[in-house]
Amino acid sequence: MNYILRNFLSLCTYLLAQKPHGTCLYLCFYFPGVTTAFKHLTVKSCVGAMAEPRRHTEDPLFPGEFLTSSSLTTKELQQNLRAEKQRERPVRVLFEIPSTRIIEQALSKYVVYEVVVMRSGSFDSRRVSVERRYSDFSRFHHALLREFNEELEEVVLPRKLLTGNFSPEIISERRLGLQDYLAKLYETRCVRHSPLFPKFFTEQEQKKAHSLLRAGQFRLALEQLQTILGIQEKLVPWQKPTLLVPTLAALAVCYRDLEEPEQAFTSAQRALPPVRRYGLKNYRASLLDLLVDLGYQLGQPVAQLQEELTALRDAERGEVSSRSLKELVVKEFI
C-alpha cells in the first residue's frame, strides 16, 4: 500500500504542476480499503496548488464537489496511473525456448530450438522467434569466450552427449538448459552490450533476407526483415541505435520495389536520425536521396531534406557515395 500511496502522490504532484497557479485539481477514485490517510494526503496536494486554500466542511473529494473544468475522468486517471507505473518498471529481455523439432536430411539429423525473444516491463504483444541448432549455440559460446573468458567463468553451455541426443528426455533437458544459458548471458553486462549478442539472433536471418532481396523476392525478404527488426528493437536499449540502420534500409528498398511508398518513406525516415548522429556517411546521402524522391511522390515536404542533401554533396564532393540505397543494401551480408 505504501508503494501505491507514493506513486499516487507523485502523480498528483505532476498533474498539479501542469495546472495554472491558483487552481485545484479534483480527482475521482475508488479503491476498496483506501484509508483516510490516503485521502488526507491527496487533499493536501490539491490544497497546496491553490493560492488561497479553500475551507471544506466535509470531505473535499466527495463527488458532489467536482469541478467539471478541472476534474479528471476515471479513464484518464487510470491511464495516468498506468503510465506512472510503467515509467518505474524496469525493462528486461526474456528468452524462452518453448518448442523443438527434429530435422532429418539425407546425410544429417539434428534438433532445432525455437528461441522466443520478449521484453518484460511492458505489454509485449508481438511474438518474435528464430530457430537455432545446438551447433549455433556452441559457435556463439566460443566467440563470447574469446572476448569475455573471465566474465563467463560461471556461465556454462549445456554439454553435448555422444549418444541419446534425440531422446525426448535429453531434448527437453537441453531445451531448458539453453533457455537458462541465454538468461545468464543477458545478466552479464559485457555480453548484453556486445555486438555479438544481437548477431546471434539475427545474422542467419539477415543473410537469408539479403539473399532473397538480391534475387528480387522482395515479399519473402520483407518477412525475414520484419522478424529481424522485431528482435533488434527489443535488444537496442543495450546496443547502439545504428543496429537498426541496415535492417531499416533494406525494408525501405523492399517496400519501394513492392510499390508501397508510404512504408518505404517511414522506414527510411526512421533510419536517418542514427545515421546523422553517428556519422554513417555511406548511408546518409543514399537515404536522403530516397526520401526526397519518395517525398515528392507522396506530396510530403522535402525542402529541408533536399537542402541537406545538396549541402552534404557540396561539402564532401567526391567523398559522398553516389550509389543508390538499393546498391548499398544488396552488398550487405554477402
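Predicted model: local features only at pLDDT ≥ 70, side-chain atom pairs only at ≥ 80, totals over all residues.
## Helix α8

Let's start with helix α8, which covers residues 218-235 and so counts 18 residues by the run assigned to it. From its first C-alpha to its last it reaches 25 Å, close to the 26 Å expected at 1.5 Å a residue.

Much of the interest here lies in the side chains that are hidden from solvent. The buried residues of α8 are Phe218, Ala221, Leu222, Gln224, Leu225, Ile228, Leu229, Gly230, Ile231, Gln232, Lys234 and Leu235. Several of these names will come up again below.

## The largest pocket

If you are looking for a place to begin with pockets, the largest one has a volume of about 340 Å³. Its lining is made of 16 residues, and those closest to the centre are Pro195, Pro198, Lys199, Gln232 and Leu243. Gln232 is also one of the buried residues of α8.

Which helix gives the largest share of this lining? That is α7, with five residues. Both α7 (196-214) and α9 (245-257) supply at least two residues each. Sorted by class, the lining holds seven nonpolar, six polar and three charged residues.

## The second largest pocket

The second largest pocket has a volume of about 270 Å³. Lining this pocket are Arg132, Asp136, Arg139, Phe140, Ala143, Leu196, Lys199, Phe200, Glu203, Gln204 and Lys207.

Helices α4 (134-148) and α7 each provide at least two residues of the lining, and α7 gives the most, with six. By class, four lining residues are nonpolar, one is polar and six are charged.

## Thr247 in helix α9

Thr247 sits in helix α9.

The side chain of Thr247 has a partner: a polar contact of 3.0 Å links it to the side chain of Gln206. Beyond its neighbours within four places in sequence, Thr247 is in contact with Gln206, Leu225, Ile228, Leu229 and Gln232.

## Val130 in strand β5

Val130 belongs to strand β5, residues 128-133. With a relative accessible area of 4%, Val130 is buried, because that value falls under the 20% cut-off.

How far apart in space are Val130 and Glu114, C-alpha to C-alpha? The distance is 5.8 Å, although 16 residues separate them in sequence. Leaving out residues up to four places away in sequence, Val130 touches Tyr113, Glu114, Val115, Phe201, Glu205, Thr227 and Ile231.

## Helix α11

Helix α11 takes in residues 281-298. Its end C-alpha atoms lie 26 Å apart, which agrees with expectation because 18 residues at 1.5 Å a residue should span 26 Å.

Inside α11, the buried residues are Tyr283, Ala285, Ser286, Leu287, Leu288, Leu290, Leu291, Val292, Leu294 and Gly295. What do they pack against? Their partners are α9, α10 (261-277), α12 (303-315) and α13 (325-330). Just after the helix, Gly299 takes a positive phi of about 75°.

Conventions
Residues numbered from 1 in each chain as written. Heavy atoms only, no water. Helix = DSSP H or I, 4+ residues; strand = E, 2+ residues; numbered from the N terminus. Expected span 1.5 Å × (residues − 1). Buried < 20%, exposed > 50% of the residue type's maximum accessible area, 1.4 Å probe, protein only. 1 Å grid on protein atoms, 1.4 Å probe; cavity = no way out; pocket = protein on both sides within 12 Å on 5 of 7 lines; lining within 4 Å. Points joined across faces, edges and corners; volume = space filled by probe spheres on them. Nonpolar A, V, L, I, M, F, W, Y, C, P; charged D, E, K, R; others polar. Polar contact = N/O pair within 3.5 Å; in protein donor to acceptor, adjacent residues only side chain to side chain. Contact = heavy atoms within 4.5 Å.
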